[in-house]
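Please keep the sequence and the structure in view while reading.

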Amino acid sequence: MKFLRSGKRIASTVVIALMAAGASAQTMESSIGTLEATVVADGLDHPWAVEFLPDGRMLVTERSGTMRIVADGDVGEPVAGVPEVRARGQGGLLDLAIAPDFETSGRIYLSYSEPASSAGRQRGSGTAVMAATLNLDETGSGSLSDQSVIFRMNNYTPSNRHFGSRIAIGNDGNLFVTLGERGDAERAQDPADLAGAVARIAPDGSVPADNPQPEGWAAELWSIGHRNPQGAAIRASDGQLFIVEHGARGGDEVNMPRPGANYGWPVITYGVDYSGLPIGEGTEKEGLEQPLHYWDPSISPSGLDFVSGDLFAEWEGDLITGGLSGRTMVRIDLEGDTVADTEPLFEGQVGRVRDIKTGPDGAIYAVIDDSPGPIYRIAPAG
């Protein structure tokens with residue numbers, strides 16, 4: 001087992017302590033038997049993302065603008081040095097990712113709604129990504145140093161919604177960053193605009209030489225035509241990116257973004273406007289991609305990860321996502337590049353699931369968007 005270079009705990013020790021700390025549990029019958037969801041941390045302020053450090057502790061962002069380390073069920077003091085955020089509406093401190101070489105480099109990545117004043121812009125805010133070194137201390141907290149903003153949207157606006165903002169690190173070390181269209185649907189069809197899209201950047205923010213770069217596209221873009229992608233995960237076997245994104249009224253999607261492809265929003269969609277009026281030109285159009293799966297009614301999917309490990313051996317290789325408006329988690333039965341089925345989990349039992357991760361113990365961890373907001377550990381009962 002590996003030790004964190006500045007820590008003392010090992011993953012199995014922390015997991016056992018987290019299980020012992022759980023004071024509240026829910027159960028349900030699933031396709032593989034009874035599952036139990038146990039609270040392993042609580043008291044967070046609209047937590048948005050969770051990642052596991054190499055020693056098993058959890059690193060958690062709060063939308064209000066703080067990041068904390070959770071260990072043994074205890075929520076640490078705020079980590080110092082996080083970026084200034086515009087915490088309004090759906091904006092704030094959002095996703096985080098840990099560099100593959102974290103044990104030697106200490107590097108992490110944070111996405112957030114950056115105020116225009118921090119970016120030298122005139123007004124509003126936009127999605128940005130910061131790289132930084134996480135320095136852990138003996139108090140259960142830490143600080144960031146060597147901060148550098150490596151990515152910014154090119155058009156900041158006053159809107160406080162649809163930031164997208166998930167980060168997924170590819171097998172080659174490059175970063176995929178999901179970007180919402182900020183509530184202005186037409187931006188998703190403008191290939192010069194870094195909105196309503198998936199971007200791909202190197203760890204230093206430069207543009208990888210093998211980005212698709214069709215004529216007229218911003219160099220950072222990987223795919224366009226997305227509404228508000230709030231979940232992203234990499235399939236380890238082949239490095240393929242999968243995302244989930246919010247539709248309007250219906251039309252939430254699972255997509256497998258291909259380089260240079262257009263996923264249609266708002267020209268095609270399986271949803272309708274909140275008024276009930278149709279959107280765009282229908283559900284299909286030549287040159288525009290179809291989703292792998294869509295939900296109607298919406299569940300507002302957020303967070304995405306692959307299931308792996310012995311605890312859920314029957315679900316190995318499937319995806320799992322959270323649901324905000326659906327107050328659920330959903331297993332996505334993935335067979336190759338096809339969604340064969342979906343299975344709701346803990347529907348209406350745990351709250352608005354903002355992020356979801358497979359932990360080092362193989363259990364599934366769900367972050368609940370609330371204040372105070374808990375984190376659940378999901379595993380087979382017994």
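This is a predicted model: local features need pLDDT of at least 70, side-chain atom pairs count only at pLDDT 80 or more; totals for chains, interfaces and linings use all residues.

## Pockets and cavity

Rolling a probe the size of a water molecule over the atoms shows where empty space is left. In this model, the largest pocket holds about 1100 Å³ of space. Its lining is made up of 38 residues, and those that lie nearest the centre are Glu51, Ile98, Asp305, Lys357 and Thr358. Two or more lining residues come from each of the elements β3 (47-52), β7 (93-98), α2 (102-105), β11 (167-169), β15 (229-234), β20 and β24 (353-358). By class, the lining of this pocket has 20 nonpolar, nine polar and nine charged residues.

The second largest pocket has a volume of about 320 Å³. Here 20 residues form the lining, with Gln90, Asn228, His246, Ser300 and Leu324 lying nearest the centre. The class counts for this second pocket are four nonpolar, ten polar and six charged residues.

A search of the whole structure finds one cavity of 30 Å³ or more. The volume of the largest cavity is about 50 Å³. Its lining consists of Arg227, Glu245, His246, Gly247, Gly251, Glu253, Trp265, Ile268 and Thr269. By class, these are two nonpolar, four polar and three charged residues.

| Space | Volume |
|---|---|
| Largest pocket | about 1100 Å³ |
| Second largest pocket | about 320 Å³ |
| Largest cavity | about 50 Å³ |

In soluble globular proteins, nonpolar side chains tend to be buried together. The largest nonpolar core of this model has 49 residues, and Met67, Ile108, Tyr109, Leu134, Leu144 and Phe151 have the most contacts inside it. Strand β9 (residues 125-136) gives the most to this core, contributing seven residues.

## Aromatic contacts

How many aromatic pairs does the structure hold? There are five aromatic pairs. One of them joins phenylalanine 176 and tryptophan 222 in an edge-to-face arrangement, with 5.3 Å from centre to centre and 75° between the planes. This pair links distant parts of the chain, since phenylalanine 176 belongs to strand β12 and tryptophan 222 to strand β14 (residues 221-224), 46 residues apart. Phenylalanine 176 counts as buried because its relative accessibility is 6%, under the 20% cut-off. Tryptophan 222, with a relative accessible area of 12%, is therefore buried by the cut-off of under 20% as well.

Phenylalanine 242 and phenylalanine 306 form another edge-to-face pair, at 5.7 Å centre to centre and with 80° between the planes. Distant parts of the chain are linked here too: phenylalanine 242 is in strand β16 (residues 241-245) and phenylalanine 306 is in strand β20, 64 residues apart. Both phenylalanine 242 and phenylalanine 306 are buried.

A ring contact of another kind involves a charge. The charged end of arginine 121 sits over the ring of tyrosine 156, at 4.4 Å from the ring centre.

## Backbone details

Where do cis peptide bonds occur? One joins aspartate 296 and proline 297, with omega of about 10°. Proline 297 lies in the loop between β19 (293-295) and β20 (301-306). Another cis peptide bond joins serine 371 and proline 372, with omega of about 0°. The loop that holds proline 372 runs between β25 (364-368) and β26 (373-380).

Positive phi values also occur in residues other than glycine. Arginine 182 has phi near 60° and is found in the loop between β12 (175-179) and β13 (197-201). For arginine 327, phi is near 45°, and this residue lies in the loop between β21 (319-323) and β22 (328-335).

Is each of these arginines buried or partly exposed? Arginine 182 has a relative accessible area of 2%, which is under 20%, so arginine 182 is buried. Arginine 327 has a relative accessible area of 43%, which lies between the 20% and 50% limits, so arginine 327 is partly exposed.

Definitions and conventions
Residues are numbered from 1 along each chain as its sequence is written. Side-chain values use heavy atoms; hydrogens and water are left out. Helices (H or I, at least four residues) and strands (E, at least two) are DSSP runs, numbered from the N terminus. Buried means under 20% relative accessible area, exposed over 50%, partly exposed in between (1.4 Å probe, protein chains only). On a 1 Å grid over the protein atoms alone, a cavity is a set of points where a 1.4 Å probe fits but cannot get out, and a pocket is an open set with protein on both sides within 12 Å along at least five of seven lines; lining residues have an atom within 4 Å of a point. Grid points are joined across faces, edges and corners, and a volume is the space filled by probe spheres set on the points. Ala, Val, Leu, Ile, Met, Phe, Trp, Tyr, Cys and Pro count as nonpolar, Asp, Glu, Lys and Arg as charged, and the others, Gly among them, as polar. A nonpolar core is a set of buried Ala, Val, Leu, Ile, Met, Phe, Trp, Tyr and Cys residues joined through side-chain atoms within 4.5 Å. Rings of Phe, Tyr and Trp (its six-membered ring) pair if their centres lie within 6.5 Å; planes under 30 degrees apart count as stacked, over 60 as edge-to-face and the rest as tilted. A charge sits over a ring if NZ of Lys or CZ of Arg is within 6 Å of the ring centre and within 35 degrees of the ring normal.
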